[in-house]
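Here is a friendly walk through one protein chain, written to be read with the structure open beside you. Take your time turning the view as you go.

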Amino acid sequence: MLSGKLNKIRTFALLLIFIGFGIMYLGFLWPKAMPIFFIFGMLAVFASVGIYFWIGTLSTNAPKVKCPQCHRVTKLLGKTDECMYCKAILSVDPKHAPMSDHDVKQ
Ligand SMILES: [Zn+2]
């Protein structure tokens with residue numbers, strides 16, 4: 001998992017909510033097993049909410065960097081991540097860093 005981590009986790013959390021509601025919906029079709037479906041559905045929804053909180057924490061702790069390509073402020077998660085807007089690879093590791101004007105002059 002290299003790129004756009006925050007967005008990918010967010011997509012996963014959203015998917016989990018739909019799965020949770022899907023499971024609960026199945027409970028209506030099969031009334032005898034309804035409590036079981038509801039428990040699993042609720043678990044999926046709660047897990048998703050937990051992931052959302054986790055993303056929030058990650059997002060506030062992630063350092064903000066200005067993207068060299070689109071010049072918008074994006075968040076860097078881990079050592080290498082993708083710009084949220086233009087998908088440029090951003091890295092704090094110098095060997096992955098895109099050449100800046102400074103490097104070109106040297
Ligand atoms: Zn960008």
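Histidine 71 counts as exposed, because it has 9 C-beta neighbours inside 10 Å, and a residue with 12 or fewer is placed in that class. You will find histidine 71 in the loop between β1 (64-66) and β2 (73-75). Its backbone is worth a look too: phi of histidine 71 is near 60°, a positive value in a residue other than glycine.

Lysine 87 counts as partly exposed because 14 C-beta neighbours lie inside 10 Å.

Please keep in mind that this is a predicted model. The average pLDDT of the protein chain is 83, and 84% of the residues score at least 70. Residues 101-106 call for caution: pLDDT stays under 50 there, and the model has one contact beyond four places in sequence for this stretch.

Now for the overall plan. The protein chain holds three helices and four strands, arranged along the sequence in the pattern α-α-β-β-β-β-α. Of its 106 residues, 8% are buried. Among the contacts with a separation of 6 or more, 38% are between residues 24 or more positions apart.

How do the axes of α1 and helix α2 (residues 34-61) cross, and within what distance do they come? They cross at roughly 165° and come within 7 Å. The two helices are therefore roughly antiparallel to each other, since an angle over 145 degrees falls in that class. The crossing in which α1 passes α2 is left-handed. The residues of this contact divide into 22 nonpolar, five polar and one charged.

Is leucine 16 buried or exposed? Leucine 16 is buried, because 20 other C-beta atoms lie within 10 Å, and 20 or more is what burial requires. Leucine 15, on the other hand, counts as exposed, because it has 12 C-beta neighbours inside 10 Å.

Which residues does leucine 16 touch, leaving aside those up to four places away in sequence? They are Ala44, Ala47, Ser48 and Ile51. For serine 48, the C-alpha to C-alpha distance from leucine 16 is 5.7 Å, although the two are 32 residues apart in sequence.

On helix α2, tryptophan 54 is a handy landmark. Tryptophan 54 is exposed, because 12 other C-beta atoms lie within 10 Å.

| Pair | Separation along the chain | C-alpha to C-alpha distance |
|---|---|---|
| Leucine 15 and valine 45 | 30 residues | 9.8 Å |
| Leucine 16 and serine 48 | 32 residues | 5.7 Å |
| Tryptophan 54 and isoleucine 9 | 45 residues | 9.6 Å |
| Threonine 80 and glycine 4 | 76 residues | 9.4 Å |

Around it, α1 and α2 are roughly antiparallel, with their axes coming within 7 Å.

Key:
Residues numbered from 1 in each chain as written. Predicted model: local features only at pLDDT ≥ 70, side-chain atom pairs only at ≥ 80, totals over all residues. Contact = placed C-beta atoms within 7 Å. Axes fitted to C-alpha atoms, helices over the stretch in contact; angles between N-to-C directions. Parallel < 35°, antiparallel > 145°, perpendicular 65-115°, else oblique. Left-handed = near helix turned anticlockwise from the far one by under 90°. Nonpolar A, V, L, I, M, F, W, Y, C, P; charged D, E, K, R; others polar. pLDDT = per-residue confidence, 0-100.
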